[in-house]
Amino acid sequence: MRLLSAALSVVGLSLCVAAAQSDENPAQPLIACGGTASLALTPGVTPGIYRGTLAGQGINLQIIGKRTSQERYDPTDRYAYDQHGIDIQLNRGRTKGGALLLAEFTADYPDLNARGCFELRPSAGKLVGKWHTPDNTRTYPLTLSPVNVATVPLALPSTPGLLALRRSDPFTFLKLNRPWKTVKGSVVEPFSGTTYPRGNGAALNVALQDRQLSLAADSLECSAGAFASFGDADPQGNQTTGTATFEGPHLYSIRETYEADCGGAHPDSGTVGRTLDQRTGKLVTLSGKPGTLWPRLTPAVLQKLYLAGYPKDADSECLDAVKENDASDDSGFELFLSRKGLTLSPNFLPHVVAACGEEVTVAYSALRSYADASSPYFKDLYR
C-alpha cells in the first residue's frame with residue numbers, strides 16, 4: 001500500500017488545508033472546491049462508470065444514481081487509479097457555473113477541506129471537464145467515456161462469483177478483472193496481495209478463485225475505508241493468505257490467516273479454517289452435526305480437547321483467559337485438517353487476549369471414536 005501515497009502525489013493529490021473547522025461539515029470539501037453541495041445530479045449526467053486518463057494515469061469513475069447524504073458511510077460517488085485500485089470517495093455538488101462538482105474528501109479529519117476537485121459537464125454521452133486542486137495550482141483536462149461493463153472481456157477464468165461481481169459491483173469487478181500472477185503454486189491478486197492456493201480439480205478451483213475474489217474485494221473495501229479515514233496515512237488494508245494444509249482423495253483443507261487495518265481504533269488479525277470437497281468444491285462441515293465426519297465432536301468436546309492440548313508452559317493469564325472464555329457454540333473454533341491431525345484455532349477470545357489463542361492439533365487417532373465410519377470422507381483419514 002506504500003505505492004498509494006506515491007501514486008497520488010504524482011497527480012498532485014496532496015492534502016490541501018484551508019481554514020480549520022471545529023465541527024465536521026460534509027459540504028466543506030465542496031466549498032473548498034468553489035461550489036455548493038447538491039445530492040441531485042447535474043441535468044444530462046447519467047449514472048454509471050466512466051473511464052479516462054488523469055495526468056497520464058488511467059482511472060475509472062463511478063457516479064451513482066440517488067444519494068441520500070454526503071456522509072462517507074452512505075453510498076458515494078468514487079474513482080480509482082488503475083495502478084493501485086483504492087477507492088477515493090467523492091462528495092457531490094455543483095459549481096457556480098452549473099457543472100457537476102465532485103470533491104475528494106477525508107471525512108474523519110474535518111480540518112482538511114479537500115484533496116482535489118472534478119468539474120464535469122455532459123457532452124455527446126461523455127463527461128468533459130477538468131480535475132484541479134482547491135487552490136488551482138494544478139489543473140488537468142479530462143474526458144471520461146461511459147463503460148458498458150457487461151461487455152468487458154473476462155481476464156480471469158469465468159466463475160459464478162466473477163460473473164456475480166460484474167452484475168452486483170461493476171466498479172470493483174473492473175479493478176479485480178485482470179490477470180493474477182502465480183507464485184509457488186498459489187495465485188496472488190495484485191492490488192490486495194490476497195494469496196490463495198489452487199488444487200487439481202476444475203470444480204475445486206472454481207470455488208478457490210471465487211473465495212479469493214471475495215477476500216480481495218473485502219480487502220479493497222477495507223483499504224478504501226482506511227484511506228477515507230486517514231488520507232495519505234499509508235493505509236495497510238486487509239491482507240489474507242490461504243495455505244493448503246491437507247489434500248486427500250475427497251477433502252481439501254485450507255488455513256486462512258488475515259491482518260486487517262481498515263481505519264478503526266485497532267488492527268485485527270486471525271485465522272479461518274475451510275475444508276472443501278475435492279470433486280464439487282463445496283464447503284464441508286467437519287464436526288458436531290449428523291452427517292459430518294465427526295458428528296459426536298461437539299463444541300464442549302472440542303473445548304475439552306483444546307484445553308488438554310494447550311501448551312503446558314503457557315502464561316497462566318492466557319490459560320485463565322482460555323478457560324473463562326469457553327467455546328460454547330458451533331463458532332468457537334476454526335477447524336482445518338493437516339497431516340498430523342485436526343487443528344483447532346480459537347476465535348472466541350476478546351481482542352485484548354487474542355494473542356493467547358494458541359493453535360492445538362489433535363491427532364486423528366484420538367478422534368476416531370467421534371467419527372462416523374459411513375461418512376464418504378472417513379477413508380481420507382482412517383484406513
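This is a predicted model: local features need pLDDT of at least 70, side-chain atom pairs count only at pLDDT 80 or more; totals for chains, interfaces and linings use all residues.

User: Where is N136 found?

Analyst: N136 is found in the loop between β8 (126–132) and β9 (139–146), and although N136 is not a glycine, its phi is positive, at about 65°.

User: And K184, buried or exposed?

Analyst: K184 is exposed, with a relative accessible area of 83%; its place is in the loop between β10 (181–183) and β11 (186–188), and its phi, near 50°, is a positive value in a residue other than glycine.

User: OK, what about D87, is that one buried or exposed?

Analyst: D87 is buried, because its relative accessible area of 8% is under 20%, and D87 is found in the loop between β4 (77–81) and β5 (88–95).

User: Which side chains does the side chain of D87 make polar contacts with?

Analyst: The side chain of D87 is joined to that of R78 by a polar contact of 2.7 Å, and it also makes a polar contact with the side chain of K175, at 2.3 Å.

User: Changing topic, how many residues are in the largest nonpolar core?

Analyst: The largest nonpolar core has 31 residues, and those with the most contacts inside it are W294, L337 and L342. The helix α6 (299–309) is one of the elements that supply at least two residues of this core, and α6 gives the most to it, with four residues.

User: What is L337 in contact with, beyond its close neighbours in sequence?

Analyst: Leaving aside neighbours within four places in sequence, L337 is in contact with residues including F246, L286, W294, L342 and Y364.

Notes. Residues are numbered from 1 along each chain as its sequence is written. Side-chain values use heavy atoms; hydrogens and water are left out. A nonpolar core is a set of buried Ala, Val, Leu, Ile, Met, Phe, Trp, Tyr and Cys residues joined through side-chain atoms within 4.5 Å. Buried means under 20% relative accessible area, exposed over 50%, partly exposed in between (1.4 Å probe, protein chains only). Contact means heavy atoms within 4.5 Å. A polar contact is a pair of N or O atoms within 3.5 Å; within protein, one must be able to donate a hydrogen and the other to accept it, and residues adjacent in sequence count only if both atoms are side-chain atoms.
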